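Here is a short walk through one predicted model.

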Amino acid sequence: MNILSVENLSKSYGDKTLFKDISFHVAEKERIGIIGVNGTGKSTLLKILAGVEPADSGEIIKPKSYRIEYLPQSPEFAGSGTILDEIFYGDTPLIRLLKKYEETVNALDKNPNDKRLLDAFYKVQHEMDAMNAWDASTQAKSILTKLGIEDHAKNVSELSGGQKKRVAIARSLIQPADLLILDEPTNHLDIETIQWLEDFLSRYSGSIILITHDRYFLDHVTNRILEIDQGNLYSYEGNYSSFLEAKAMREEIAAANEEKRQNLLRRELAWIKRGAKARTTKQKARIQRFEQLQNQIGYRPKEELDIAVGGSRLGKKVFEIENITIKYDQQTVIKNFSYIVRPLERIGIVGPNGSGKTSLLNLLAGIDNPDEGTIDVGQTVKIGYYKQDNGDMNQDKRVIDYIKETAQVIKTIDGKEITASQMLERFLFSPAMQYTYIKKLSGGERRRLYLLKILMEAPNVLLLDEPTNDLDIETLTILEDYLEEFPGVVLTVSHDRYFLDKTSDLLFVYEGDGNIRIYYGSYSEYLEEEKRKQELLKKEETEAKEKEVHNKETKPKKLKLSYKEQKEWETIEDKIMQLEEEIADIQKEIAEAGADFSKVQPLYEKEQLLTKELERLMERWETLSELVMEIEKQKG
């Protein structure tokens with residue numbers, strides 16, 4: 001049984017302790033989700049497990065043969081090789097053989113008449129047979145296809161960030177591993193790919209540890225949750241739904257125990273203040289108990305993110321979109337689209353990657369102009385645009401200065417005025433952190449800071465482009481609650497089903513060729529409707545095929561040889577005779593070579609290939625012979 005054990009692991013950065021003396025184990029086929037607020041050390045823990053980063057103390061115990069495969073949040077490729085080089089980068093015999101086979105096939109496709117390559121192809125086929133590698137090859141190609149990777153010879157330096165992430169995912173899934181570690185695998189993936197990945201991981205043969213903000217993904221994939229909270233690690237059996245119930249119970253019990261401790265402390269303190277004399281052993285013991293209670297670290301309710309930022313007044317007119325069309329490189333991404341956006345609407349924008357969803361937000365924000373049509377923007381509209389790339393965040397600035405650039409003071413939803421510093425504290429940036437340079441923040445902390453900057457502008461229209469990428473689940477939950485009360489319009493581009501279900505009541509669905517469909521309902525309802533359509537279409541296709549087969553069976557078909565079969569029938573016997581003669585000549589040469597292995601080996605391999613070809617031709621001759629006899633009967 002392969003088990004990885006983590007014992008008393010600790011990690012700090014400067015004066016910030018991420019976690020201290022945490023311990024857990026990973027059993028075979030466990031699917032573990034890691035949860036915690038940004039900056040608590042989730043990604044750091046994964047790096048330590050993968051051997052990318054050292055711990056301050058503690059140890060990781062695993063068998064010598066235990067193999068770990070790690071997908072970082074932002075994959076980087078050291079070299080400038082091809083996709084094939086990166087995907088089959090491993091050093092196991094199976095991976096080396098798969099790479100060799102793919103390289104041989106690609107070379108043979110370019111030079112199909114090269115005898116040297118043909119011989120190499122036959123040889124590598126035998127090696128694949130010997131290692132039973134065909135299933136692994138089929139699975140590898142299936143993974144590549146599902147992730148949209150087709151041109152294996154393309155250089156990785158030519159790929160976009162999203163394409164590199166897909167190549168990195170494929171590489172991680174193809175490599176044999178006892179433990180697969182995934183840091184935000186669903187970022188930049190469209191819904192179809194996310195659902196495929198869910199299904200693949202549910203059947204994965206090894207163990208899995210992953211970080212993701214996608215709560216439906218967590219629910220469908222995991223069977224255990226580890227939460228990092230205030231430097232401690234808590235383990236919960238079950239998926240995300242089970243975790244929510246168990247966590248609420250844990251915090252309720254911890255709060256009750258802390259209340260008991262405080263009550264006991266108050267009673268003991270009152271006794272001490274009455275001037276208790278420490279003459280007896282009993283009294284000394286009571287004083288010692290008081291000191292112990294005082295030194296205990298009790299339950300502390302977590303600081304909670306508060307984003308109750310107010311917005312500007314919004315009039316009746318927001319966006320009037322009329323017959324807009326936009327093209328990029330001769331491709332139409334939006335075609336003749338019209339819609340009137342009304343106050344308080346919550347719109348989700350969904351579709352495959354590269355279909356033009358961000359382009360629509362750029363049009364609404366006034367960054368780009370349509371090739372055709374118009375967008376009329378209301379006079380009171382004040383846009384807050386949350387982009388995928390954190391805008392123009394200068395990482396050499398301090399946190400407090402970055403926010404003060406937008407506003408020194410802001411009004412909250414309840415009308416109170418608070419300073420930029422106070423607002424930062426509501427966003428979980430302590431006074432000490434406010435004077436930290438942005439470059440020292442984690443990726444998730446930077447996203448949270450960027451979100452605050454957008455909200456500090458007091459917009460009444462929010463354009464959110466993939467807001468769930470790199471934000472922790474707790475922040476997303478509070479953002480969802482805020483958007484529910486937000487007194488303006490929200491348009492969201494996202495692949496996160498959970499987030500869209502909570503924040504959208506109608507969808508702009510990209511259906512290809514620039515067409516955008518308006519769907520009234522939740523994202524889950526839309527997906528369910530599409531699933532029913534596909535099932536109905538599949539059923540109709542199956543019935544049509546069955547009907548076609550039935551018609552063919554009931555109506556006798558007049559048999560005849562095709563032109564190709566006729567030519568084949570006329571020459572096949574000559575080919576068989578020729579092969580038999582070649583095999584006889586080779587067998588004679590083998591006999592003459594005797595014990596000279598250097599001569600015998602290539603002759604033997606050639607004899608094996610010719611024998612297989614002869615068997616194939618004989619089987620084909622029998623098939624054609626039977627067909628010719630049936631035709632003769634039909635004529636007679």
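Helix α3 passes α5 in a right-handed crossing (the near helix is turned clockwise from the far one by less than a right angle). Helices here are DSSP runs of H or I, at least four residues, numbered from the N terminus. α3 spans residues 93-110 and α5 residues 134-146. They pack at about 70°, axes 10 Å apart (axes are lines fitted to C-alpha atoms over the stretch in contact; angles run from 0 to 180 degrees between N-to-C directions). That makes α3 roughly perpendicular to α5 (65 to 115 degrees). L94, L98, Y101 and E102 of α3 meet W134, A136, S137 and K141 of α5 (contact means heavy atoms within 4.5 Å). By class, this contact has 5 nonpolar, 1 polar and 2 charged residues (Ala, Val, Leu, Ile, Met, Phe, Trp, Tyr, Cys and Pro are nonpolar; Asp, Glu, Lys and Arg charged; the others, Gly among them, polar).

α5 also packs with helix α6, residues 161-174. The angle is about 160°, and the axes lie 10 Å apart. α5 is therefore roughly antiparallel to α6 (over 145 degrees). A140, I143 and L144 of α5 touch A170, L173 and I174 of α6. That contact has 6 nonpolar, no polar and no charged residues.

Now the cavity. The count is 1 of 30 Å³ or more (on a 1 Å grid over the protein atoms alone, a set of points where a 1.4 Å probe fits but cannot get out; volume is the space filled by probe spheres set on points joined across faces, edges and corners). Of its 13 lining residues, T186, H213, N469, H495 and D496 are closest to the centre (lining residues have an atom within 4 Å of a point).

Residues are numbered from 1 along each chain as its sequence is written. In this predicted model, local features need pLDDT of at least 70, side-chain atom pairs count only at pLDDT 80 or more, totals for chains, interfaces and linings use all residues, and side-chain values use heavy atoms, leaving out hydrogens and water.

Note on methods: 1 Å grid on protein atoms, 1.4 Å probe; cavity = no way out; pocket = protein on both sides within 12 Å on 5 of 7 lines; lining within 4 Å. Helix = DSSP H or I, 4+ residues; strand = E, 2+ residues; numbered from the N terminus. Parallel < 35°, antiparallel > 145°, perpendicular 65-115°, else oblique.
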